[in-house]
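Open the structure in your viewer and keep the selection tool at hand. The tour goes from stop to stop, and each stop tells you what to select and what is there.

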Amino acid sequence: MEVTDENLATLANYLQQTLNPDPNIRRPAEKFLEGVEVNQNYAILLLHLIDKDTVDLTIRIAGAVAFKNYIKRNWPVEEDGADNIHANDRAAIKGLIVSLMLKSPEAIQRQFSDAVSIIGKYDFPQKWPGLISEMVEKFATGDFHIINGVLRTAHSLFKKYRFEFKSQPLWEEIKHVLENFAKPLTDLFVATIELTSTHSNNPQALRVIYGSLVLICKVFYSLNYQDLPEFFEDNMPIWMPNLLNLLQVKVPSLEADTDDDKPGVMEQLRTEVCECAALYALKYEEEFHPHAPGFVTAVWTVLLATGPHAKYDALVSNALTFLAKVAEKKRYQNLFEDPNTLSSICEKVVIPNMEFRESDMELFEDNPEEYVRRDMEGSDVDTRGTQAAGVTKASPLVDLASFAAGHVLPELQRAPVTELPVLKADAIKYILTFRSLLPKEFLVTSFPLLIEHISGRGVVCTYAACTVEKLVAGGMLPRAHLEPHAPKLLTALFAALGDNTDPADHNEYVMKAILRTLSALQESALPFVGDALPKLARMLAVVAKNPCKPHFNHYLFETLSLSVSALFPIFQEILQNDVQEFMPYVFQMLSLLLELRGAGGDGGAGGGGGEAYGAVNFVLQNAMLGVFQKLIASKTNDHEGFYLVQTMLYKFGSSVMDQYCKQIITLLFQRLSSSKTTKFVRGLIAFLGFYAAHFGADTLVQLVDSVQANMFAMYTERVLVPELQRVSGALERKAAAVGCVKLLTESQHFLLEIPLWTDFQVSTTNKINNLIYVTKRYNFLNSGIDDPKRYLAESLGNMCRQWPDVVPARLAALDPPHRHALQLYLNTYGVHIC
């Protein structure tokens, strides 16, 4: 696609059509754009269109959104998958996007910033080493529209550091960023603060400048989250006093914003400063200690000055978080030891911020879903009284049970359930919060009252359903106490779901409570499934048209999994129509059928379900192995691929699966060769251990060697011995350990032909030392082995009797610590090596 005026006009026309509310016009335009996006130069053409000032801004913004979504769909390339972006286009995009982003209007800039973040996730820094230097160069322009664009992009790019697990690649990336960005950011921070004085009489300029400081604080937080960088530690005398000053500074021209709901730039800045201070107080206590008293005083002053308006909510939440982090550290106890200080905190800060405001009442009545989301889960706009979902420890000064019996229970007993809904919601929330500390008798007594409140409206209904779900799922209400209430409970829950034809009205907490109840009842749920299935099927038909609530959809499909065979026609339609939203759930239910089916392919549980199991066999041969191939090629989903193929091997048995095993092993070792990751290696070791445990050690060796001669020996030397100790997860460790014992003690090929038996014995002994067996429903990983040490000792004894001339010499070659550990096992279980 050449960049010509004709092509630009055509592209603009289709983008305009994508904004049309008429689906008969909009959808064909969307399909056209998706169809042509695979052409070379498509992205370049789109960028040129977005850059043209003569094009209507609405179309340019639509183009920017289309570009971001194009990047999101196509930039990542799965292993062995097709690359829909030509290499020249990739290079051109990275060469153009930063400069285009920084000169574009803010609405377009934000879309480009997200696109840069997506590209950076996969290419930065290895494939895009010049990104940071290109961004830093823009600081010298002095144009805050450009500078804020750089900061916004940096925040989008670096905020992942707040959530990612520690790893060597992550450290290397952060090191690269700090070496190139920390000093320029610090210099920009100081220069920007100086500009606040220079432009003190220009409110419009101040708004932009303080907006930049908000972004700088966000970037500073991200760069400091994983660990305290040496540069920022050395420059704390610059950062901390300036941050403290930003917390205290008053800017009358920006403080006078009249919007009571939306935080102004100064509220946003103080919120970010409190978050940075809380991070340092929690993680870098020693370094922050000299600055703590000043911040405590400043935060205390800020809290006293804030009003009850919603625009202060995030600020108050972060400020209280900071004080809580400081108060829990022994180093800072002297700041709070004065009884007058504690009294003042309670009277002037804690109690005023527990007030139930008019805005809270409006949210409670008009938008209960958002109220629940903020109160129970937290959100981007935190409530002032946000609490944890459950408490496991309480002060001995507070008698929770007495308060519950004297105040909570009477409130729930008072009819009707629709009267004083806020009070009833709080009473239910009390049970939800302190459920693990309340007496069992109280929970049993309150359970029927909770069921009654499911018939309440809005928040009361949701809290009641959520509390019921937590009690049932947590085992706090035994099945014997649940069964008598099951009919009334399920009737109330399904009534609460109603017959909503709008998926936006569906209550995910109620759906989750239905799932937990049916699951806890086990076979006692069968009388209710007949009534439940038609309702669930109708709901499935509704949400399939607009799958807008992923959690609700998940719980709905989990519930349907309890009785799946009647839904094959709907599944067939979903698969035929390629409804991507529901494909994973359909295959999950097919996996359930595999678990219900006996090992070796001898039909379903109880001998029934012939048509369903026949359908599963068809899906196995025509689809499931394709799904396995797709999953195992993905770094994100390869663990699901291992689980799927293990389930198929166990449930269908060798008579069905032998014809596919060589293909499966070939795919696994191709992935090992082309895209080796630590996660994949751990999964491969556990899977091959599972295979050896269930189908025999020599069978595994022969299977692997059938792909390539001596491949199993290479796998043992290069992967199994050096990586065995890194296998994590109780089930995976068990599969790996049992399989390794099988290889050590039952494989003639392994003992006589592979020269790594001694090293492998050491690794296996270490693995069994660290192994904790678990009992779960994954029977195919249990193998009937309860004591791993006994199993190893007895297996070695059997092996010694079979190979008396080989085994003692091999064991004698072990180094003393491992030989001693092994001898301890043998002595403990009365096993004698000949």
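This is a predicted model: local features need pLDDT of at least 70, side-chain atom pairs count only at pLDDT 80 or more; totals for chains, interfaces and linings use all residues.

**Stop 1: two crossing helices**

Select helix α1 (residues 5-17) and helix α4 (residues 57-74). Two packed helices are described by the angle between their axes and the distance between the axes. Here the axes come within 9 Å and cross at roughly 85°. Angles of 65 to 115 degrees count as roughly perpendicular, so α1 and α4 are roughly perpendicular to each other.

Now show the side chains where they touch. On α1, pick Ala12, Leu15 and Gln16; on α4, pick Ile59, Ala62, Gly63 and Ala66. By class, this contact has five nonpolar residues, two polar ones and no charged ones.

**Stop 2**

The structure holds 27 aromatic pairs. For one of them, select Phe288 and Phe322. Their rings are 6.4 Å apart centre to centre, with 90° between the planes, and the pair is edge-to-face. Phe288 sits in helix α15 (residues 285-288) and Phe322 in helix α17 (residues 313-327). The two residues are 34 residues apart, and their pair links distant parts of the chain. Are they buried or exposed? Both Phe288 and Phe322 are buried.

Phe288 and Phe322 belong to one aromatic cluster, together with Phe189, Phe220, Phe231, Phe232, Trp239, Tyr280, Tyr284 and Phe295.

**Stop 3**

Move to helix α34 (residues 678-695) and select Tyr691 and Phe695, which lie four residues apart, about one turn of the helix. An α-helix has 3.6 residues a turn, so residues three or four places apart point the same way. The rings of Tyr691 and Phe695 form a tilted pair, with 4.9 Å centre to centre and 40° between the planes. Tyr691 is buried, with a relative accessible area of 5%, whereas Phe695 counts as partly exposed at 22% relative accessibility.

**Stop 4: helix α26**

Finally, select residues 486-497, the twelve residues of α26. From its first C-alpha to its last, α26 reaches 16 Å, close to the 16 Å expected at 1.5 Å a residue. Colour its buried residues: Ala486, Leu489, Leu490, Ala492, Leu493, Phe494 and Leu497. What covers these residues? The cover includes α23 (440-453), α24 (458-473), α25 (479-482), α27 (508-521), α28 (526-545) and α29 (550-560).

Step on from the end of α26 to Gly498, which follows the helix and has a positive phi, near 65°.

How values were computed: Residues are numbered from 1 along each chain as its sequence is written. Side-chain values use heavy atoms; hydrogens and water are left out. The expected span of a helix is 1.5 Å times one less than its number of residues. Buried means under 20% relative accessible area, exposed over 50%, partly exposed in between (1.4 Å probe, protein chains only). Contact means heavy atoms within 4.5 Å. Axes are lines fitted to C-alpha atoms, for helices over the stretch in contact, and angles run from 0 to 180 degrees between N-to-C directions. Angles under 35 degrees count as roughly parallel, over 145 as roughly antiparallel, 65 to 115 as roughly perpendicular and the rest as oblique. Ala, Val, Leu, Ile, Met, Phe, Trp, Tyr, Cys and Pro count as nonpolar, Asp, Glu, Lys and Arg as charged, and the others, Gly among them, as polar. Rings of Phe, Tyr and Trp (its six-membered ring) pair if their centres lie within 6.5 Å; planes under 30 degrees apart count as stacked, over 60 as edge-to-face and the rest as tilted.
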